Amino acid sequence: MADKVCKVIIDSGSCENVVSEDAVQKLQLKTKRHPKPYNLSWLSKGNEVKVDRRCLVSFSIGQRYFDNAWCDVVSMDACHLLLGRPWQYDRSVVHDGRKNTYSLSIKGKKIVLAPRREEKYPAPVTNTNLLSMSRFLSGIKQGDVVYALLLCMHSAIDMNPDLPIEVQQLLLEFADLMPEELPPGLPPMRDIQHQIDLVPGSSLPNRPAYRLSPKEAEELQRQVEELLRNGYIRESMSPCAVPALLVPKKDGSWRMCIDSRAINKITIKYRYPIPSLDDMLDQLSGSKVFSKIDLKSGYHRRRNTARR
């Protein structure tokens with residue numbers, strides 16, 4: 001309903017689909033004359049209600065269910081949209097009385113609608129101080145004064161004295177979780193080891209190194225020596241060789257990348273079904289607190305071995 005949040009009731013006792021007159025006016029929905037006008041006396045607080053209009057309402061429930069239905073326009077206080085037996089009949093909806101859920105299939109996908117728990121979905125707080133990106137950029141172009149607040153993590157040793165004391169105490173408490181440098185040596189052995197299986201009988205590639213400028217060659221040598229010194233890599237006696245190259249980063253430094261295309265051609269491809277994004281989002285229903293961990297180096301968390 002025009003990207004607006006509304007209250008929906010599914011009522012198997014209602015002989016019609018109903019939309020409130022208030023919602024029709026606010027969303028400026030187009031109405032048509034009802035082919036069979038009738039009277040109602042139980043939806044609104046007051047006298048009998050005359051039903052002589054209807055409109056096609058587009059709505060969505062959750063992130064997976066999008067639909068539209070013809071609804072009679074009624075002045076009611078119970079909700080904005082009431083889905084009755086016509087909607088349940090057209091969509092072959094099955095009601096589970098014990099779980100109070102409604103199941104239906106849309107384009108071959110099964111969808112289960114559950115009642116909303118008000119205690120888990122607090123009313124959104126309207127904050128007029130928040131700006132969209134377009135309004136922010138427009139304000140900068142107009143020459144207004146702009147203040148930017150930058151929050152960054154500092155190490156316990158080099159603590160910013162301008163930070164509030166509460167923030168400093170929090171950073172000190174979890175200083176071991178935000179190290180400036182990774183610990184030396186390889187990560188510990190896990191219960192499940194990661195390995196790359198090569199096609200049996202395949203010829204191992206032996207590619208020549210890329211031509212680099214003196215500056216790039218010096219930087220590549222420095223990074224390799226640093227990895228050797230920290231114990232992340234070791235000298236290889238394998239007949240297989242693939243070249244390395246440097247890619248510039250936004251901050252001016254260099255990222256070392258390995259051209260593994262030759263290895264990928266002889267690697268056994270193991271395919272696994274990718275989880276459905278909609279199903280994963282449904283599992284987050286009701287969650288209010290989310291966390292994010294930005295790993296300093298994802299490759300440091302696992303050991304890699306190749307096997308023929």
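## A friendly tour of a predicted protein model

The protein chain has a mean pLDDT of 79, and 79% of its residues reach 70 or more; pLDDT is the predictor's confidence in each residue, from 0 to 100. Over residues 153-157 the pLDDT is below 50, and this stretch has eight contacts in the model beyond near neighbours in sequence (contact means heavy atoms within 4.5 Å). This is a predicted model, in which local features need pLDDT of at least 70 and side-chain atom pairs count only at pLDDT 80 or more, while totals for chains, interfaces and linings use all residues. Residues are numbered from 1 along each chain as its sequence is written, and side-chain values use heavy atoms, with hydrogens and water left out.

**The chain as a whole**

- The protein chain contains seven helices and 13 strands; helices (H or I, at least four residues) and strands (E, at least two) are DSSP runs, numbered from the N terminus.
- Of its 308 residues, 21% count as buried (buried means under 20% relative accessible area, exposed over 50%, and partly exposed in between, with a 1.4 Å probe and protein chains only).
- Among contacts between residues at least 6 apart in sequence, 61% join residues at least 24 apart.

**Helix α5 and what follows**

- Helix α5 covers residues 214-230, and its 17 residues should span 24 Å at 1.5 Å a residue, which agrees with the 24 Å between its end C-alpha atoms; the expected span is 1.5 Å times one less than the number of residues.
- E219, L220 and Q223 are buried in α5. They cover an arc of only 100° around the axis, so they lie on the same side of α5; this arc is that of the directions from the helix axis to the C-beta atoms.
- P214, E218 and R229 are exposed on the other side of α5.
- After α5 comes G231, with a positive phi near 80°.
- I233 sits in the loop between α5 and β11 and is partly exposed, at 36% relative accessible area.
- Leaving aside neighbours within four places in sequence, I233 is in contact with V224, L227 and L228.
- I233 and G185 are 48 residues apart along the chain, and their C-alpha atoms are separated by 8.7 Å.

**Rings and a charge**

- The structure holds one aromatic pair. The rings of F59 and Y65 have centres 6.0 Å apart and planes at 80°, so the pair is edge-to-face.
- For such pairs, rings of Phe, Tyr and Trp (its six-membered ring) need centres within 6.5 Å; planes under 30 degrees apart count as stacked, over 60 as edge-to-face and the rest as tilted.
- F59 is buried at 5% relative accessibility, and Y65 is buried at 0%.
- The charged end of R54 sits over the ring of W70, 4.6 Å from its centre (this requires NZ of Lys or CZ of Arg within 6 Å of the ring centre and within 35 degrees of the ring normal).

**A buried serine**

- S20 belongs to strand β2 (residues 18-20) and counts as buried, at 2% relative accessibility.
- Setting aside neighbours within four places in sequence, S20 is in contact with V74, M76, C79 and H80.

- Most residues other than glycine have a negative phi.
- Q28 has a positive phi near 55°. Q28 is in the loop between α1 (21-27) and β3 (32-40), and is exposed at 69%.
- N100 also has a positive phi near 55°. N100 lies in the loop between β7 (94-96) and β8 (101-106), and is partly exposed at 36%.
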